[in-house]
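Let's walk through this structure together, one neighbourhood at a time. Have your viewer open and follow along.

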Amino acid sequence: MSDAVSLTAPFAGWLAPLEEVPDPVFAERMMGDGFAIDPVEGVLRAPAAAEVINVPESGHAVTLRLDNGADLLLHIGLETVALGGKGFAARVAAGERVAQGQALIEFDLDAVATAARALITPVIMASEGYTLELGSLGRAVAAGAVVGQVLRTDAIVADAMASDVGAERVVRVTAANGIHARPAARIVAALKPFLAEVALHAADRSANARSTIALLGLGAGKDEEVRIVARGGDAQAAVDAVAELILANFHEAAHASVAKASAPANAGPVRAAPGLAIGQAFQLRSADLDVPENGTGIAAEQAALASATAATAAGLDGAHGTAAEIAEAHRALLADPELAATAARHIAEGRSAAFAWRAATQDARAALRATGDALLIERIADLTDLERQVIGRLMGDTAGPKLTIPKGTVLFADDLLPSQFLNLDTARLAGIVTAQGGPTSHVAILAASAGVPMLVAAGESVLAIADGTPVILDADAGTLTVDPDADALAEASTRLSALRERRARELATAHTAAHTADRVRIEVFANLGSVADAAAAVSAGAEGCGLLRTEFLFLERETAPSEEEQRETYSAIATTLGERPLIVRTLDIGGDKPVPYLPMEREENPALGLRGVRLTTARPDLMRIQLRAILRAVPAAQCRIMLPMVADLGDYRPVRALLDEVRAELGVREAIPLGVMIETPAAALLAGQIAREADFLSIGTNDLTQYTLAADRGNAAVSQRIDAMHPAVLRLVREVGKGAAAAGRWAGMCGGLASDPLAAPILIGLGITELSATPAQVPGVKAAVARFDMAACKALADKACDAQSAAEVRALAMEASA
């Protein structure tokens, strides 16, 4: 394959820079680099020898694949797709081989010039991994005159190495699963601060290091050497950043033990998530939405696609734990330059945004399938998931309510997508079986995290099992028994009962009030986001709700929820909790979670912008309605209200005054505790001052940690730095504990660290007397509380604050818990 391909003028005319094209899609290089020609003749010729990839029915454009693999789009005029082919006559078809100078399209110069928005013709390099070098522009050229050349990136890097312009480093991939989705996303994120062009090479394969899709297609597995090459002023720094990330196993210690496993054809089911289930079969059959092939104009379709992908990415916010890691990989795919370039090329050919996005994801799936790598093939489901989500938004068919399934369902599907799993009612889900998929797919990780047994690669035959058929799913044994006899059912029921009894014994001890070993009372609450969460928390032994996230009522809708709708939801949660305390956090959204009914300007850093209490005090109408709904829904003895993103008393006092007004309006005589979330270092340092007016303090470690360590928890390039066990964070927690105690208030924690049993004795030693965890972690946290007395907790907390790193703190905690 040739590295450099010379380009000639496709017709006679005025050769111009791309910036002179009066269309931002081309002028701003949204589709790629290029140049333009304002023609004086009606024949478009091939600028180089190539293969014809596509000619739309309208005949206004053609895509060529050059001999070095680069795709070149030639688009005659602007908005010419609207002419419906009138005035154009294609002289070639897809699949043909053409020579340089061969006629591709003939057109009526005068008629097209009269009907089109403009006749200037963009010539776009629509591939990543290539660079366009042009001669002088702003001049008249004859057809066939040389105007520049297209170079492959790896050829450029090779030239750079020869002239000491670039940098190179060879490292060995030691991560258990090689460069799969999350590592690829982290490589792309790590390169964002650098300008250099970077490529990865493995054996005879190469990939653009800024493209997740290209890196997945590289297929670099465990123990394989990769060569990192770069060109540019910061080439060495970029190479070192990627190399250090690879040598650090992509900071994926939690996934290091995941086996790279797959089932050969007809090998039978493979365990993806452990467990045993008895239930009734339920077939999930999904169909792709029909999409229009032709678009309504390049600018409109490009804008629609950009909006849909941005909305899909925004919908990934708020994920926690395993789901957050998967969301990170999905965001990288949505921002992938090669996916974007392929979609843009189809849009330029007159296709609709939905058609273009489907074509782009299909090409990417084909590339992954061609690697033959079982682990990479499992990532195809992620592309399918994002394809359906983006197209759903484009077609106005976004995800609806949870899929209704019978209780005790064993769900069968060809393959299950992460978004589909998250839309299931897991309380009614006994297990999952898929015909395809793999044991390390993202949906398998989600199932394991949720404790749902799952088998994958079970074969097409499982899709023929009738709904309602009894089945036994033994994921640990890798077996599926369809319509079992009485003996098999009895044996499986006995085993399942034994497992449930063991779990019940653990839960039984969780329903007693939590105390340290020397009988100091520590409250263990749960974080909630729905009525179902409340029920799970009560079942797990939670003593109350330490954080009710109310934003779930406000997102994914066109208008704000009414006072009555909010009241009904809060009342249902309060009723589910019984008389247990309910701490309701007021609305916590901002620029990172935009909603249509709250128009906000785009913020460079939404985490530091108009969010939380800052937003609701700017919109007191929303705050008033929410406070009224809370007070009407939750009994005064049970009700506590908490404000997010408070920095100082200036954020607290206006809401205190408004709450008093609302209490008077509703005739509520009882005092309603109003506390604050400590999420900023400012609030932590002022905790004693704030506690003199606020009724309680509760630490949100997720934001507090990112602000303290100056590491964006949504940025894959630095997310590995975020650990709430860092001594700097723990010292701020200590300040909160001291400040609350001095003011006679209690201090709690509702952030992610409160769900870690390992951290419980340290937090108690720092003065935290209430821990609010995820419902599933409540029994473990209670058990951890009971293992230590206060003296041991304080001694461990002192050591933790004197440590030099989060790793050292964790080692201390593990030693103490051993």
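The side chains of aspartate 71 and arginine 345 are joined by a polar contact of 3.0 Å, a term for a pair of N or O atoms within 3.5 Å, where within protein one must be able to donate a hydrogen and the other to accept it, and residues adjacent in sequence count only if both atoms are side-chain atoms. Aspartate 71 also has a side-chain polar contact with the side chain of arginine 65, at 2.6 Å. Bear in mind that this is a predicted model, in which local features need pLDDT of at least 70 and side-chain atom pairs count only at pLDDT 80 or more, while totals for chains, interfaces and linings use all residues. Residues are numbered from 1 along each chain as its sequence is written, and side-chain values use heavy atoms, with hydrogens and water left out.

Where does aspartate 71 sit? Its place is in strand S7 (residues 71–75); strands here are DSSP runs of E with at least two residues, numbered from the N terminus.

Next, look at strand S3 (residues 34–39), which is mostly covered, as 5 of its 6 residues are buried. Strand S2 (residues 13–17) runs antiparallel to S3 and is joined to S3 by 5 bridges; two strands pair if DSSP finds at least two bridges between them. In this pairing, proline 17 stands opposite phenylalanine 35. S3 is also joined to strand S11 (residues 121–125), again antiparallel, by 4 bridges, and there isoleucine 37 has threonine 121 as its bridge partner.

Further along, an open sheet of 7 strands has the order S19-S23-S22-S21-S20-S24-S25, with mixed pairing. Strands S19 (270–273) and S25 (479–482) stand at the edges with a single partner strand each, so one side of each is left without a neighbour in the sheet. Within this sheet, strand S20 (residues 276–283) and strand S24 (residues 470–474) run antiparallel and are joined by 5 bridges, with isoleucine 278 opposite isoleucine 472.

Finally, turn to phenylalanine 696, which is buried at a relative accessible area of 1%. Phenylalanine 696 lies in strand S31 (residues 696–699).

How values were computed
Buried means under 20% relative accessible area, exposed over 50%, partly exposed in between (1.4 Å probe, protein chains only).
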